[in-house]
Amino acid sequence: RRFLRTFGRVTLVVILTATGAFLYVTQQQNHPPEQLPVDRTKPTLVVLGSGWGATSFLKSLDTEEFNVVVISPRNYFLFTPLLPSVTVGTLEPRSIIQPTRYITRHKKRKVDVYEAEAQEVDPVKKTVTFQDLSDVRGSAGSVTIPYDYLVYAVGCENQTFGIKGVPEHACFLKELGDADKIRTKLMDCIETAAFRDQPQEEIDRLMHMVVVGGGPTGVEYAGELHDFLIDDLKKWYPEVADRLRITLIEALPNVLPAFSKQLIQYTESTFKENKIDVLTRTMVKDVKEQAVVVQDANKEIREIPYGLLVWATGNTSRQITRDLMNKLASVQTQRRGLVVDDYLSLLGGDGIYAIGDCTATSYAPTAQVASQQGIYLASIFQKLGQKAKLERQLNELRATSADPAEIEAVAKKLSRASKLTPFHYSHQGSLAYIGSEKAIADLPLFNGNVASGGGAAMLFWRSAYISTLYSVRNRTLVLADWLKVKIFGRDVSRE
Ligand code: FAD
Ligand code: NAI
């Protein structure tokens, strides 16, 4: 006997035979199997980016009324909240990414996806210029295409405040490649420290991991590094493991300024127990190859030697965003990012919408905000599509002198489709992992804020991220990685 159960595009098949039960899973590759072709009578909608904003937009978008083109230098979505776990091998890199084509192949109308970097947006001519800047480039060179609508979701780049030596000597933690680089460099430092006849002073330097920036990125990385030391390094490198030191440097009086006071104290005391040195009111002024120069809380300048330096001091606008702001200088007056109205439409940009970290809004630059903006914007495009359909219908009815009651009914529908409600952000809470199986959670509950830290918050952190992961495939891989690390420990081989 055969039993079928379909969940979206996945079908579970159970076959019962005399000798036992067999289960297998089938997945429909395309949904619908045949996509509508590009239709030149429909407007062109160009989407820049494949991060949180662009991906949630594409997921919810109905493509029937648009020819959609996606341009991004990476052809996948990255689940950033779990990126710190990749730096020490708690998770494997491919467990937290999913190809952009995974979404676009399920759309009603064919979507073009180009792995390329947008270099210029011309808001007057309404064009985008882009180029494939990957290692294998072909002969296409730079390409310019027109758009009717542009969804601008290119995110931000790492803030360095122009401090000398940062790009050359520090590792960032924003992209998948960054996490890989940190993992490789970390293992290199440890292997070099374990090399024979290494001077004691050099071992101490190599085993000193310095994190600059006490925001959630820096804190989560320090927590993961501590777990790696306790769970794995002590077993694999007993001769040098005790020499590992973690220092977190923060310019402000405390870490995690966006979390509640109670959770800041909890994090700082957990770090103290875990022997992570937190240097607050300390500002990095200069970065040398093997040491950072800081101004400490007593305003004294001193050098701190390091083996690995992770730089996590927040975001700044990308060059392409700054160029766009300059082109619309009379209305784009915020240095933090692009200014949009309540409907996420870019001030001064006809047909341009901007979402996520590249914008300057009253919200924090988080995945939560970007993904809610993406979903909202897809609903705006749903209305634009409906409007276009109804306008066509109305023109046809008028041309054929149809029944006035029918014309009026369509006109009413059209007027409803033209009414837009402004974007409203609903904060679901803030979560961060702080190491040693503890997390912190600031949750908006019971008309107030509930702050919780510890093991229970860690279970909540894990279940919240498992449920928001992109696909069943990602969830399975992440769960398998967690289980693998519990049983076998982290892999200490260096790529
Ligand atoms: P991104 O997700 O950065 O996407 C930008 C996209 O644009 C990328 O695909 C990029 O390749 C593409 N792009 C770049 N340049 C160009 C170009 N020239 N042309 C075309 N495309 C371009 N937020 C939370 O809410 N919770 C968390 O737990 C959390 N954890 C985080 C952990 C880490 C380590 C980091 C770095 C961030 C974390 N964040 C978290 C913040 C969150 O990742 C960002 O706020 C979110 O990614 C912003 O989404 P976005 O779409 O604006 O930008
Ligand atoms: P951030 O902007 O939140 O924190 C950067 C920190 O670096 C600041 O506290 C700043 O005072 C400090 N700093 C800046 N220059 C310095 C210097 N020269 N010396 C010492 N300290 C210096 O940046 P972060 O952590 O990268 O986060 C970026 C965004 O992503 C934030 O909006 C954050 O909320 C979000 N995010 C959220 C996470 C979560 O919710 N779990 C995890 C990671 C990021």
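## Antiparallel sheet

Strands S9 and S10 (residues 127-131) pair in the antiparallel sense through five bridges; strands are DSSP runs of E with at least two residues, helices are runs of H or I with at least four, and both are numbered from the N terminus. Two strands count as paired if DSSP finds at least two bridges between them. Within this pair, glutamate 117 stands opposite glutamine 131 of S10.

The pair belongs to an open sheet of three strands, ordered S9-S10-S11 with antiparallel pairing. S9 (117-122) and S11 (143-146) form the edges, each pairing on one side only. From one strand to the next, the twist averages 25°, with axes taken as lines fitted to C-alpha atoms and angles running from 0 to 180 degrees between N-to-C directions.

## Model and conventions

This is a predicted model, in which local features need pLDDT of at least 70, side-chain atom pairs count only at pLDDT 80 or more, and totals for chains, interfaces and linings use all residues. Residues are numbered from 1 along each chain as its sequence is written, while chains are lettered from A and ligands numbered from 1 in the order in which they are written.

## Parallel pairing around S12

Strands of a sheet pair through backbone hydrogen bonds, in either a parallel or an antiparallel sense. Strand S12 (residues 149-152) runs parallel to strand S4 (residues 44-48), with four bridges joining them. Valine 47 has valine 151 of S12 as its bridge partner.

S12 is also joined to strand S23 (residues 352-354), by three bridges and in parallel. Here tyrosine 152 is partnered by alanine 354 in S23.

## Annotated domain

An unreviewed UniProt entry places the feature "domain: FAD/NAD(P)-binding" at residues 45-374; such positions are given in the numbering used here, feature names are shortened, and annotations may be inferred rather than shown by experiment. The end C-alpha atoms of residues 45-374 lie 14 Å apart, and the span is 29% helix and 25% strand.

## Shell around ligand 2

Of the 28 residues around ligand 2, Gly213, Gly215, Pro216, Thr217 and Gly314 come nearest; a residue is near if its C-beta atom, placed from the backbone, lies within 6 Å. Helix H6 (216-236), strand S18 (283-287) and strand S24 (430-435) each supply at least two shell residues, and H6 gives the largest share, four residues.

The shell comprises 16 nonpolar, ten polar and two charged residues, where Ala, Val, Leu, Ile, Met, Phe, Trp, Tyr, Cys and Pro count as nonpolar, Asp, Glu, Lys and Arg as charged, and the others, Gly among them, as polar. Ligand 2 lies between domain 2 (44-156 + 317-383) and domain 3 (166-315 + 427-488), because both give residues to its shell; the domain bounds come from an automatic or database domain assignment.
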